[in-house]
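Hi everyone, thanks for coming. Let's look at the model together, starting with its surface and then moving on to its aromatic rings.

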Amino acid sequence: MNGRADFREPNAEVPRPIPHIGADYIPTEEERRVFAECNDESFWFRSVPLAATSMLITQGLISKGILSSHPKYGSIPKLIFACIMGYFAGKLSYVKTCQEKFKNLENSPLGEALRSGQARRSSPPGHYSQKSKYDSNVSGHSSFVTSPAADNIEREMLPPYEPIPFSASMNESTPTGITDHIAQVKVNKYGDTWDE
């Protein structure tokens, strides 16, 4: 047993390590094909229709007088702006669809990274992943423990949350304009005033 305790359950599936996807990552041939497909589809099915629609709406608003045209260049600057915004809106609207295409690739490190990122975000609160348990400083506990005892151990390791009172966050020597009492001003029959 070489001195190490094995806390894995016998039938537990050990996930593959998440690949490091950085600026130096070289995509596979299949990933390049999906990139080109996403680029073409986002251009023809999203960017072109949204750019054309936004230009038509802008031209309609200019012709009705709701938007004013430029004195020297006419409606051209606003139409170019509408076209550019429609183009980028089309590209952004296709991101989720493109991510799903990468997630469906079987032997893709990029697809694996997207799948594992989605699994991490969608895990319910209180669910402990295997990686987070191995990274924790708690020794001698199973990586699959989701019992209340494990919750108590992690709560004890974290410092307690103590809210800072409002007045403690301000410099005490700085005047705030707030006073504890309201000054009573009295006026005598001669018009003289004084504080009480």
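On the surface, a nonpolar patch is formed by Tyr-73, Ile-76, Ile-80, Phe-81, Ile-84, Met-85 and Phe-88, and together they have about 730 Å² of accessible area. Patch residues have over 30% relative accessible area and no salt bridge, with nonpolar side chains (Val, Leu, Ile, Met, Phe, Trp, Tyr) joined within 5 Å and like charges within 9 Å. A salt bridge means a Lys or Arg side-chain nitrogen within 4 Å of an Asp or Glu carboxyl oxygen, and areas are Shrake-Rupley values with a 1.4 Å probe, where for residues only the protein chains shown count as cover.

This is a predicted model, so local features need pLDDT of at least 70, side-chain atom pairs count only at pLDDT 80 or more, and totals for chains, interfaces and linings use all residues. Residues are numbered from 1 along each chain as its sequence is written, and side-chain values use heavy atoms, leaving out hydrogens and water.

Back to Phe-81: it counts as exposed because its relative accessibility is 53% (buried is under 20%, exposed over 50%, partly exposed in between; 1.4 Å probe, protein chains only).

Now the rings. The structure holds 4 aromatic pairs (ring centres within 6.5 Å, using the six-membered ring of Trp; planes under 30 degrees apart are stacked, over 60 edge-to-face, the rest tilted). Phe-43 and Trp-44 pair edge-to-face, 4.9 Å centre to centre with 85° between the planes. Tyr-87 and Phe-88 are also edge-to-face, at 5.2 Å and 75°. Which residues form one aromatic cluster? Phe-43, Trp-44, Tyr-87 and Phe-88 do.
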